[in-house]
Amino acid sequence: MGVIELGLVTDAGDQPLETVARPIRHGDVRRVLLAAVAVLCLFGVTASALPVSHAPRQLFTVPFRDGSDGFTVTPEAVYVLSSLDGRLTAYGSHTGEVLWSSTELGGASWVGAVESGVMLLPADDATVQVEDADGGQIFRQFTRRTVAVDAATGRQLWRQPGDFSASADGLVLLAEWNDDGTSARTLRVVRLRDGSPLWTRPGSGLETWVSGGGLGGGSDRLVTVTGTGAATVYALADGREVASGRLPWSRQDREDGTYTNLTVEGHTLYLENVADQRGTVSAYDTETLHELWRVGERSYGGFAGCGPVLCISTPQGTSGYDRATGRLRWSRPDAANVFPMAGGLLMVDRENGSRRAVIDAGSGRDIADLGTANLVWDFTSRTDMPYLLARTQEPAGRMAVSRLDARTHQVRLIGTIGAISDNSCQSAATILACVSAGDGHLAVTDVG
């Protein structure tokens, strides 16, 4: 008969335990079984969802001010940006050794993901007070400059005016704002590695532009739209004009709630128009700006690409529409706040966000019940299954770590870690970094 090592849960944390040979007593078995049952019940998994044999092992901690400091994780290093002196420090992800440390970043305010060995940091934040359409005062925040850092050495690669807007295929789109941050003065594309300019276009007061979201957004097209709906599509690589036309456009109005949202993925532009509490979502070919399809739906909870479908969330639930035709593939009244995962899967919120589940993106069918677990984001991989975290009931005050098996779609328990601040974790490969609850540290754990 096979024996599954569950690991030990103690009050002393997750430090390695010395192995001592002694007879197994009845009380030992009971304590281990009780701890296992408590955590497994928390996730609502079946008896076949067996735990893996490697318990989490805390590797090191570093000082961290929750709410003001920033960090990001790769399989090789953990990067921490201090809000006190602007120091960016790289720690070996398995050893905690300081690989490099720099204070030469000049006003960097946030640390982003590492793409192709380069980290982009926004710098010189600006906050301005402007008047809205109702005559009220609002505060607008934006970034004046972007700094690129070699992730392996800490060497500053370049520093240029403009707010980092998107990146694709080793290119970076920088937008220089006007004085009050309401429109663009200049749009410029540079190379990610050395900052060398490829092309520049005047913003001419543009208020809206999209190019596949953040790092690795997956589009080589830039779409700009004026306040009257005049749209132009550019090739991100060389700035040539691909298409132009006019889109149905509603400038945001605080009184009656009219607005337009748009996003671009690949060579498809998705646009939502809302007016008089009614809305439509349309798909356009970026190469021609011809409309491909339109559905009468208002996305109160947002719309996003979900693999083979476009997900639209409303108060009535979430629906998946075929990307090519706009045909409704599935509708789930019990699903909200969709988060795409690897392998054509989606995580959805249920029961007003108190529970979560995994469904198939193409059909909407149930795959796994995650109970109260939350995803841990991995910004370095688009193929790995994410880790999951949920609070334990017994022992109280800890977090259960599990993972969805990519082949069987069963939730596999790994073990537990100490208490953390809510939604404060990132992962990369087998490294899990979380802000510890209340003790001013970032804890780095091996969960592989």
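**Backbone, disulfides and one arginine**

Asn337 is partly exposed, with a relative accessible area of 39%; by the convention used here, buried means under 20% relative accessible area, exposed over 50%, and partly exposed in between, with a 1.4 Å probe and protein chains only. This is a predicted model, in which local features need pLDDT of at least 70 and side-chain atom pairs count only at pLDDT 80 or more, while totals for chains, interfaces and linings use all residues. Residues are numbered from 1 along each chain as its sequence is written, and side-chain values use heavy atoms, with hydrogens and water left out.

Let me stay with the backbone. Asn337 is not a glycine, yet its phi is positive, at about 50°. Asn337 sits in strand 26, residues 336-340; strands here are DSSP runs of E with at least two residues, numbered from the N terminus. Glu351 likewise has a positive phi, near 50°, and is a residue other than glycine. Glu351 is found in the loop between strand 27 (345-350) and strand 28 (355-360), and with 55% relative accessibility it counts as exposed.

Where does the chain place Pro395? Pro395 belongs to the loop between strand 31 (387-391) and strand 32 (399-404). The peptide bond leading from Glu394 to Pro395 is cis, with omega near 0°.

I turn now to the disulfides. How many does the structure hold? There are two, a disulfide being a pair of cysteine sulfur atoms within 2.5 Å. One links Cys306 and Cys311, with the sulfur atoms 2.2 Å apart, and both of these cysteines are buried. The other joins Cys425 to Cys434, at 2.0 Å from S to S. The link of Cys425 and Cys434 is right-handed, with 115° about the S-S bond, and Cys425 and Cys434 are both buried. Counting bonded cysteines along the chain, the pattern is 1-2, 3-4.

Finally, consider Arg188, which lies in strand 12, residues 184-191. Is Arg188 buried or exposed? At 9% relative accessibility, Arg188 counts as buried. Its side chain makes polar contacts with the side chain of Glu176 at 2.7 Å and with that of Gln160 at 3.4 Å. A polar contact is a pair of N or O atoms within 3.5 Å; within protein, one must be able to donate a hydrogen and the other to accept it, and residues adjacent in sequence count only if both atoms are side-chain atoms. Leaving aside neighbours within four places in sequence, Arg188 is in contact with residues including Val172, Leu173, Leu174 and Trp199, where contact means heavy atoms within 4.5 Å.

How values were computed: Helices (H or I, at least four residues) and strands (E, at least two) are DSSP runs, numbered from the N terminus.
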